[in-house]
Amino acid sequence: MEVGLVHLVYSSRAAVEITDAVLAKIRDEGMRNNGDHGITGLLLYRDGAFLQLLEGTHDAVEQTYRKIHDDPRHTDIRLLFRGPCSQRTYSYYNMGVLGSAGDGSADPEILTNIFELATQADRPDARVETDAILGEMINQFIKLSRAA
Ligand SMILES: Cc1cc2nc3c(=O)[nH]c(=O)nc-3n(C[C@H](O)[C@H](O)[C@H](O)COP(=O)(O)O)c2cc1C
């Protein structure tokens, strides 16, 4: 077990046109930096919307999130969850990327489900259910990454 592990999920909207090339560039930057900082996670893209999970030590996740937050390629960044976690879900991916612009094989229905779950978790009255929703989102992430 890793001590001091945290995870963070945010959603955002694309501020530039997201082509395969743009998505591949974001993936390459993330793979390099996340590998250097012990960050694992997944980035989903669908119809102009991003959803990203980052996992790692508190300092590494906060530093990476701050950098991503200031990136002009996206806007309307909403922090959906941030908190301690007992283990990594994506221990093998520094930066898994799935989405309609990048990886056409991602099941669009599962992607839609994950984005809907994220919206539910963002409602103020959903706070108590956040853990359950995050668990379900992660299950869906796993399904999606296996299917791709
Ligand atoms: C949607 C989105 C997700 C990103 N995810 C990551 C990430 O997980 N890790 C990362 O280092 N950079 C990520 N980036 C890129 C950073 O914002 C930034 O451009 C990059 O880390 C700068 O790399 P450099 O410091 O090597 O120049 C992301 C950018 C966008 C738009």
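## Model and overall layout

This is a predicted model: local features need pLDDT of at least 70, side-chain atom pairs count only at pLDDT 80 or more, and totals for chains, interfaces and linings use all residues. Residues are numbered from 1 along each chain as its sequence is written.

The chain holds four helices and five strands. Helices (H or I, at least four residues) and strands (E, at least two) are DSSP runs, numbered from the N terminus. In that direction the order is β-α-β-β-α-β-β-α-α. Of the 148 residues in the chain, 34% are buried. A residue is buried if 20 or more other C-beta atoms lie within 10 Å of its own, exposed if 12 or fewer, and partly exposed in between, with C-beta atoms placed from the backbone.

Contacts join residues whose C-beta atoms, placed from the backbone, lie within 7 Å. Among contacts between residues at least 6 apart in sequence, 76% join residues at least 24 apart.

## Strand 2 and its partners

Strand 2 spans residues 40-46, and six of its seven residues are buried. Strand 2 pairs with strand 3 (residues 49-57) in the antiparallel sense, over seven bridges. Two strands pair if DSSP finds at least two bridges between them. Arg46 has Ala49 of strand 3 as its bridge partner. Two residues lie between the strands of this hairpin.

Strand 2 also pairs with strand 5 (residues 96-99). Here the sense is parallel, over four bridges. Leu44 stands opposite Leu98 of strand 5. In a regular strand the side chains alternate between the two faces of the sheet.

## Helix 2

Helix 2 covers residues 58-69. Its twelve residues should span 16 Å at 1.5 Å a residue, and its end C-alpha atoms are 16 Å apart, which agrees. The expected span is 1.5 Å times one less than the number of residues.

Val61, Thr64 and Ile68 of helix 2 are buried. Seen down the axis, the buried residues of helix 2 fall within an arc of 70°, so they line one face of the helix. The arc is that of the directions from the helix axis to the C-beta atoms. An α-helix has 3.6 residues a turn, so residues three or four places apart point the same way. The buried residues of helix 2 pack against strand 1 (5-14), helix 1 and strand 3. On the other side of helix 2, Asp59, Arg66, Lys67 and His69 are exposed.

## Ligand shell

The ligand is surrounded by 15 residues; Glu29, Gly30, Asn33, Asp71 and Arg73 are the closest. A residue is near a molecule or strand if its C-beta atom, placed from the backbone, lies within 6 Å of it. Helix 1 (20-37), strand 3 and helix 2 each give two or more residues to the shell. Helix 1 supplies the largest share, five residues.

By class, the shell has five nonpolar, six polar and four charged residues. Ala, Val, Leu, Ile, Met, Phe, Trp, Tyr, Cys and Pro count as nonpolar, Asp, Glu, Lys and Arg as charged, and the others, Gly among them, as polar.

## Positive phi at two aspartates

Asp47 lies in the loop between strand 2 and strand 3. Its phi is near 45°, a positive value in a residue other than glycine. Asp47 counts as partly exposed because it has 14 C-beta neighbours inside 10 Å.

Asp76 belongs to strand 4 (residues 74-84). Asp76 is not a glycine either, yet has a positive phi of about 55°. With 11 C-beta neighbours inside 10 Å, Asp76 counts as exposed.

Definitions and conventions
Two residues are in contact if their C-beta atoms, placed from the backbone, lie within 7 Å.
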